[in-house]
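Please look through the sequence and the model before reading on.

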Amino acid sequence: MADISTNMAWPTAGAARVAGSSNRDTPEHRFISSCEAFLEYPCNLDRTLVFDHTLEWYRSKLVVQSGKLFNPFPKVRLLKFWETNKTSDGFEENKPSDLASLKNHCQERKLQDPACRYIFIQSKSALARLELTKEEFTYISSYHQVMPTFLDLLFTCGRQERHQDFHYTAFRHENYLYRDPNTADVSGLERFGRSGQRIQQCYSLHSAEPSRSIPDWGWSIRQTVVYHSFDVQTGKAAWIFIKGNNSIERRIMDATKSTRSVDMAARSHQTLTGSFGASLTVHNLIIEWCGENWRWYINEMEERLRNMAKFAVLADVDQLAGPDMISTPSRPGTLLIPRSARTTISKASPTSPSRLRGSFARFSTTSKTENSPTIGESGIPHPIHTENIVEEPQEIDIGGNNTNHKINLDHMFSFEKLQDLHQIGEYMQEALMVLKQNRNTIKEIREHYATLMGSREFPFGTKDDCQLSISRFNQRALSIEKDLEVQQSRLETLCVLLEDRSSLFHTVQQYASMQANKHFAKYSQDATEFTTEMTASMHDMTEKMHDIALKTGHQTVSMHAITVFTLVFLPGTFLATFFSSGILRWYDSDGELASSTYSWVTEKDRLLLFLAIVLPTTALIITGWLILFFRSKAGRSEERASQAPTDEEKALPGSQPSEEPKFPGNREQPTETEPPKTR
């Protein structure tokens with residue numbers, strides 16, 4: 001049908017009422033009333049296949065979700081019209097600044113609906129609100145009579161803290177090909193270029209795009225929501241694209257300006273066949289977008305998976321979990337062995353549970369069925385097995401000393417590594433689900449057009465002319481669908497590999513736990529033997545102390561007896577020695593006795609000489625004894641202070657006792673300075 005231009009303006013509701021009751025039920029009047037009641041969308045639609053109660057549910061749901069879907073005061077206008085007429089050689093751009101300018105652009109223009117109109121609705125990010133108001137969206141939908149099921153896909157957009165219902169996808173369509181004069185008066189909307197016979201469809205596709213929104217992960221899965229309407233009589237096409245960035249907008253605008261491929265150029269819309277082929281080309285453009293980056297996205301996941309899992313495959317777990325990695329335990333409250341007895345240590349590192357506990361403290365000892373990653377649970381067939389995956393041999397630098405061993409063991413088999421594996425598994429399952437949904441959507445689009453071509457209601461002239469375009473569309477869409485199938489097979493193989501690596505990781509953890517239990521059992525056995533030996537030794541020491549106590553008691557009794565006799569004879573011995581010293585001279589003749597009052601005479605010079613010798617000697621002996629006593633006391637104090645733990649030793653973990661015991665688990669050969677154990 002040729003393009004018809006009129007100078008008629010958009011009629012008002014008053015003008016429609018003046019026209020009389022005969023015009024109240026015309027398609028034009030119903031269409032104008034629908035546009036005026038745009039706030040009631042989708043209940044205001046003139047024609048739809050959806051039941052009334054479902055329309056009311058959509059309307060109420062749109063009101064509830066409008067807060068997260070639309071920005072009531074958009075500072076940046078991201079609503080753009082890109083359209084062309086049949087008489088134009090190019091496309092024109094229009095950016096409505098508000099609802100009034102939007103209405104003016106759609107209603108009050110003197111031309112018919114454009115031959116092709118692209119409407120781009122964007123948001124600042126995939127998790128942000130759309131940069132237009134609810135009123136603007138409902139008016140656009142009412143003016144273009146967008147089918148209500150388009151809202152199912154719209155609800156996946158808008159502001160979200162995290163993706164909710166984001167991967168929901170569907171293909172919906174409503175076709176009005178049957179010309180029934182009772183429901184569609186063709187002549188009533190001729191001035192808008194609408195015949196009443198059109199096909200409608202909406203769908204969403206997802207693709208992996210480079211992104212910085214996720215830390216340490218340079219990819220993000222993003223969606224594009226598409227609505228398309230095509231008039232099979234006039235060839236007029238309308239498109240609505242909802243996207244979190246302008247990638248689709250740039251591609252479509254570049255394709256319409258391209259001189260290399262004219263399938264989407266403005267001139268292609270001058271004929272019905274060319275317009276139909278341009279619509280199929282737009283479908284191919286969206287389908288190609290959804291399949292172009294999966295190869296590199298899966299390569300990134302594969303590389304990360306292999307880097308994370310190579311330690312579980314190549315690490316020498318026996319060495320890292322062996323007794324050479326065990327340190328001496330620190331147990332307060334046990335018997336201490338003097339340091340002199342612990343100067344010689346055996347070269348063989350014995351079993352010690354403390355280092356083992358430190359090395360595997362972050363391990364999870366639960367079974368794989370409880371903490372396995374959520375992969376392989378959806379019944380996905382695995383056409384490729386891990387036996388067919390060739391892993392190149394790699395070398396792992398695990399260090400050259402025990403410290404590096406311990407650090408690498410914690411790093412290689414930490415719980416953080418297990419979390420990373422789970423995260424990779426989530427990314428894989430997400431990508432696998434999206435690939436399946438994309439394939440199903442592409443298949444439904446192909447089958448939909450194949451059904452249209454086989455329908456008796458589709459215009460025969462259009463059907464014959466469009467067979468070539470349909471054939472080209474099917475070939476390109478099927479090629480992309482096959483490529484997505486290949487990427488899906490790759491992901492399924494990686495999921496099997498991830499499941500095997502996760503199982504191996506859990507096996508390593510369980511093996512490490514088993515080795516820890518063995519070391520603990522050996523340690524307990526050695527500690528029991530050591531306790532038995534110490535008990536026997538203490539029993540021997542107790543018997544010795546008992547014998548010494550008995551002997552000491554007997555010796556004490558003897559010393560008491562000697563002391564008593566010494567006290568008895570000491571005064572007499574002293575006096576006898578003093579009297580015989582010559583200091584006193586006795587009179588033994590009668591003459592001398594008669595001339596003296598006493599029978600003796602004191603030799604003063606001898607007495608003075610005695611005192612001069614005895615007193616200094618006594619003082620010297622007492623002074624020497626005091627010096628020796630205090631020196632001995634100071635030496636004992638210094639020895640006790642040297643044996644006390646220092647502040648640095650007290651600050652060390654597990655060092656409550658000043659000395660660390662050496663159990664039989666750390667058997668030491670006694671040094672030559674250790675006194676032998678004798679009864």
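Q: Does Q145 count as buried or exposed?
A: Buried means under 20% relative accessible area, exposed means over 50%, and partly exposed is in between (1.4 Å probe, protein chains only). The relative accessibility of Q145 is 8%, so Q145 counts as buried.

Q: What is the phi of Q145, and in which loop does Q145 lie?
A: This is a predicted model, in which local features need pLDDT of at least 70 and side-chain atom pairs count only at pLDDT 80 or more, while totals for chains, interfaces and linings use all residues. Residues are numbered from 1 along each chain as its sequence is written, and side-chain values use heavy atoms, with hydrogens and water left out. Most residues other than glycine have a negative phi. Q145 is not a glycine, yet its phi is positive, at about 50°, and its place is the loop between α5 and α6 (150-154).

Q: How many helices and strands does the protein have?
A: Helices (H or I, at least four residues) and strands (E, at least two) are DSSP runs, numbered from the N terminus. In this protein the runs come to 19 helices and 9 strands.

Q: What share of the protein's residues is buried, and what share of its contacts with a separation of 6 or more joins residues 24 or more positions apart?
A: Of the 679 residues in the protein, 42% are buried. Contact means heavy atoms within 4.5 Å. Among contacts with a separation of 6 or more, residues 24 or more positions apart account for 79%.

Q: Which residues of α2 are buried?
A: Helix α2 is mostly covered, with 7 of its 10 residues buried. The buried residues are P27, E28, H29, F31, I32, S34 and C35.

Q: Which residue does Y41 join through a cis peptide bond?
A: Most peptide bonds are trans. This bond is cis, with omega about 5°.

Q: How many residues apart in sequence are the parts that the pair of Y41 and F137 ties together?
A: Rings of Phe, Tyr and Trp (its six-membered ring) pair if their centres lie within 6.5 Å; planes under 30 degrees apart count as stacked, over 60 as edge-to-face and the rest as tilted. Y41 and F137 are edge-to-face, 6.5 Å centre to centre with 85° between the planes, and both residues are buried. Y41 lies in the loop between α2 (27-36) and α3 (52-69) while F137 is in helix α5, so the parts tied together are apart in sequence by 96 residues.

Q: What are the angle and the axis distance between α4 and α5?
A: Axes are lines fitted to C-alpha atoms, for helices over the stretch in contact, and angles run from 0 to 180 degrees between N-to-C directions. Angles under 35 degrees count as roughly parallel, over 145 as roughly antiparallel, 65 to 115 as roughly perpendicular and the rest as oblique. Helices α4 and α5 are therefore roughly parallel to each other. For α4 (residues 99-106) and α5 (residues 134-143), the angle is about 15° and the axes are 10 Å apart.

Q: Which residues of α5 make the contact with α4?
A: From α4, the contact is made by L99, L102, K103 and C106. The α5 side is made by E135, E136, Y139, I140 and Y143.

Q: At roughly what angle do α7 and α8 cross?
A: The axes of α7 (residues 247-257) and α8 come within 11 Å. The two helices are oblique to each other. Their crossing angle is roughly 140°.

Q: Which residues does V282 touch, leaving out residues up to four places away in sequence?
A: V282 lies in helix α8 (residues 272-291) and is buried, with a relative accessible area of 0%. V282 touches Y118, W239, F241, I252 and M264.

Q: Which residues does R446 touch, leaving out residues up to four places away in sequence?
A: R446 is placed in helix α14 (residues 415-454). With a relative accessible area of 17%, R446 is buried. R446 touches F473, N474, A477, L478 and E481.
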